[in-house]
Structures are given as C-alpha cells and as structure tokens.
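Please open the model in your viewer and keep the selection tool handy. We will go from one stop to the next and look at what is around each of them.

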Amino acid sequence: MAVTEDDVRRALAAVPAPDGAPSLGQSPSLSNIAVMPGGRVIFSIETTPERAAALESIRRAAEAAVKALPGVSDVLVALTAEKAPGSAPAPAPRPASSPMMSRGAREAAPGAAPPVRPAQPSGAGVPGVKHIVAVASGKGGVGKSTTAANLALALKAQGLRVGLMDADVYGPSVPTLFALHARPEVVDKRMKPLEAHGLKIMSIGFLVDAGTAMIWRGPMVMSALTQMLTEVDWGELDVLIVDMPPGTGDAQLTMAQRVKLSGSVIVSTPQDLALADARRGVAMFRKVDVPILGIVENMSYYSCPNCGHHAHLFGHGGARAEAQAMGTPFLGEVPLSLQIRETSDAGAPIVVSSPESEDAKAYGRIAEAVWARLSQGVGGRVAPRIVIER
Ligand SMILES: Nc1ncnc2c1ncn2[C@@H]1O[C@H](COP(=O)(O)OP(=O)(O)OP(=O)(O)O)[C@@H](O)[C@H]1O
C-alpha cells in the first residue's frame, strides 16, 4: 500500500523535535511532506541558519525512521531556513486537505539565493513527463510568462506533447494568457489540467479567485509547487514548461531541488539591471546543478510595423554578450511588439493567433533551439539536496 503523509508523521513520532514539541511528527518545524511515485519521501525541517549544524543529528534520525517504513524507497530530508520577510519562521504544516495558499500581500522579491551546496542527489521526475523545463527570470516584468506561454505553444507547433505549469504563485498570468477561468476537475484525487490550443495547463490562478492577494511563506510555496507537479494528471508529455516565480529565492530553489529539471531558460531584457538579475538566475541554477538551456532576450528591439526598421530601444546584444560571458547558449531575441502584448492580453498568444508573423517565428526559432538542446541530452541530471551552510 502506498505510504501516506500520516505514516510519515507516525514514523517521526519517535524522533525528537527541535522546538520543544513532543516529537518531530507533531512539530510545526516539520513541513512539505511529499510522497513521490515510487515511494520516495521528501520533507523539510524548518530551522535557522545558526541551528542548522546542531540539527543534523535530528535530520539523520528522521531520515532513518522514515526509511524503515515499508514501501519507502528513498528519503530526502532538507533543513530549510525560512526567510519570509516579517513572518514567523516556522508555520504549521499544511493539513492534507487545506488549500495551497493564504491571504495577504505579495512576498518581497527575494534577493540572493540562500547559501546552498549540492549534497546527495534528490529530486524526482513526474511520471510520463520526459522533460521539465523551468522558464525563469532574475526579476519580474521582463516577459517571462509571455515567453513561457509562447515557447510552450511553439514546441507544440513542432508536434510535441506539451504542458504548461504556472508556478508563479505570486502573480499567476497563465489564466489571462489563455483566457482560462474554469476550475480543474478532480478525478481520483488528481486534478485534471485544463486544455487550450493543445496544451495541458495548470495554474494556481485556477484554484484561487482572481484578485486575491496572496502571501506565501516558503514551505507553502514548496507544497503548492510539489502538488501542482505530482497531484496533477499531466499524462504523457514530451515537455512540461514551468513558468517560475520571478527572482532567485526559496521558491526557485525549491523547484530546482525538488524536481528533476532537464534545464532552465532564463528570460532577460537588454537593460543592464535586468542582465545583472539574469546573471543571478544563472548562478542559482548552476549552484543546484540545473543545466542552463540558454538565455532569451525579450523586448530586444522594436520592429516598425510600417517600414520594418528595427530600433534597439534599450541597447542591443546585451543578453547575447552576457550569455557568451557566462558560457551559456543564447537562444534568441523576441522583439518588443504591440501584437505580442495585445494577443497575450486577449488570451490567444501570438504563436497561435498569428503563427505566420515574424514575432511568432522568433518564438519558433527559440523552441527549436530549446528542443535541440533537450534532444542532445542536456537534461537527465538528478537534483541535489539542499544543505544549509553555517
Ligand atoms: N516582447 C514583448 N513585446 C511587448 N510586450 C511584451 C513582450 N513580452 C511581454 N510583454 C508584456 O509585458 C508585460 C509583462 O509580461 P509578463 O507578464 O510575461 O512578464 P513576467 O516577467 O512574467 O512578469 P511577472 O514576473 O510580473 O509575472 C505584459 O503586459 C506582456 O504582455
């Protein structure tokens, strides 16, 4: 019989808690219990960076206790340091049936990634999904979601089976980009992704009411992301594109560590500031050993609809030069285009609404480059486990 979250908690009843609770099984420091297909169990113990080393014995005892459960193939326990601004460090774990969010304001954009070093391999794939690709950006507003949506559609146009997961829990844009506002059906305790233009699509925005401000603490983000990956019936896919939350903080790291990502695509605009953020994004993925598929320069130039002249409003070639400097591939440029914005706002991104346009072709070339990298076997790495360094 499959291992449940309750089984894990019961096994941890014999392990001491770091916070005065009767046991780790009952401790609010225990969070993000995820049982992956195949019996891999992952959970985290909240701590502060100062106490991390002292908790190593508890971490090991927890690992051994859960490993002894019948049906458990592998156990990964992360010590995680909460950095949510202005919030208590150790929220209670999410009850199995609770929704994946709470209310409040948007979490401050995380700055630099917490110190991590790769340890033993962890991370699981999603059964039936060949490649999981994260589309990320160092900062918000550079067109990451627009790129993710059009990239997914352009991969689909090449005859691939493609899914799109909107992991941007702070500001889900996928419902707008695809004019999807239904609630996913639940069949046998698994959510059915919605479908549009042949893509399977899942967004946290389908589960919460539009306009609801959300505050997420790190562990909630982890639970939500894990759930969206493992409790959604994705079926057979060649590529699952994941639209990441902007930034290089805990949510991004979680995704990179929890999931066997084939690689990441970093979106940037040509401005220096955006490029500096993109550099941080590349560094973060490298730190956790996720291959960088390449960098996309969005809003690269303005193409005059009348005379076809290309005007480079924010300078030119910044992302290409940056990619070269960082030793990562440059995947291509997307112009600043009114049509790209209007079609996105109207719920039918340019690749489906105007597939023959130059704008759509730009996404087509990027999709070809991404697929070429994936087919060359760039992916296939196993994610490392996070360990906090003192
Ligand atoms: N190439 C482009 N040309 C014109 N407008 C664009 C282009 N790319 C994105 N936009 C527009 O810029 C705005 C921000 O784009 P998008 O939501 O994709 O950015 P984001 O990086 O995902 O933002 P956030 O991090 O806030 O979710 C949207 O209005 C979108 O339509």
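Start by selecting Gly141, which sits in the loop between E6 and H3. This is a predicted model, so take what you see as computed.

Now select Gly138, in the loop between strand E6 (129-136) and helix H3 (144-157). Is Gly138 buried or exposed? Gly138 is buried, since 26 other C-beta atoms are within 10 Å, where 20 or more is enough. Beyond its neighbours within four places in sequence, show its contacts: Gly247, Thr248, Asp277, Ala278, Arg280 and Gly281.

Next, colour the UniProt "binding site" feature, which comes from an unreviewed entry and includes Gly138, Lys139, Gly141 and Ser145.

Then display the ligand with the 20 residues around it; Gly140, Gly143, Lys144, Ser145 and Thr146 come nearest. Which elements each supply at least two residues of this shell? They are H3, strand E15 (292-303), strand E17 (330-336) and helix H9 (338-345). Colouring the shell by class gives 6 nonpolar, 11 polar and 3 charged residues.

For the last stop, select Val267 in strand E14 (residues 263-268). Val267 is buried because it has 31 C-beta neighbours inside 10 Å. Draw a C-alpha to C-alpha distance from Val267 to Lys139: they are 9.3 Å apart in space, yet 128 residues apart in sequence. Leaving aside neighbours within four places in sequence, the contacts of Val267 include Val142, Gly143, Lys144 and Val296.

Notes: Residues are numbered from 1 along each chain as its sequence is written. This is a predicted model: local features need pLDDT of at least 70, side-chain atom pairs count only at pLDDT 80 or more; totals for chains, interfaces and linings use all residues. UniProt positions are given in the numbering used here, feature names are shortened, and annotations may be inferred rather than shown by experiment. Helices (H or I, at least four residues) and strands (E, at least two) are DSSP runs, numbered from the N terminus. A residue is buried if 20 or more other C-beta atoms lie within 10 Å of its own, exposed if 12 or fewer, and partly exposed in between; C-beta atoms are placed from the backbone. Two residues are in contact if their C-beta atoms, placed from the backbone, lie within 7 Å. A residue is near a molecule or strand if its C-beta atom, placed from the backbone, lies within 6 Å of it. Ala, Val, Leu, Ile, Met, Phe, Trp, Tyr, Cys and Pro count as nonpolar, Asp, Glu, Lys and Arg as charged, and the others, Gly among them, as polar.
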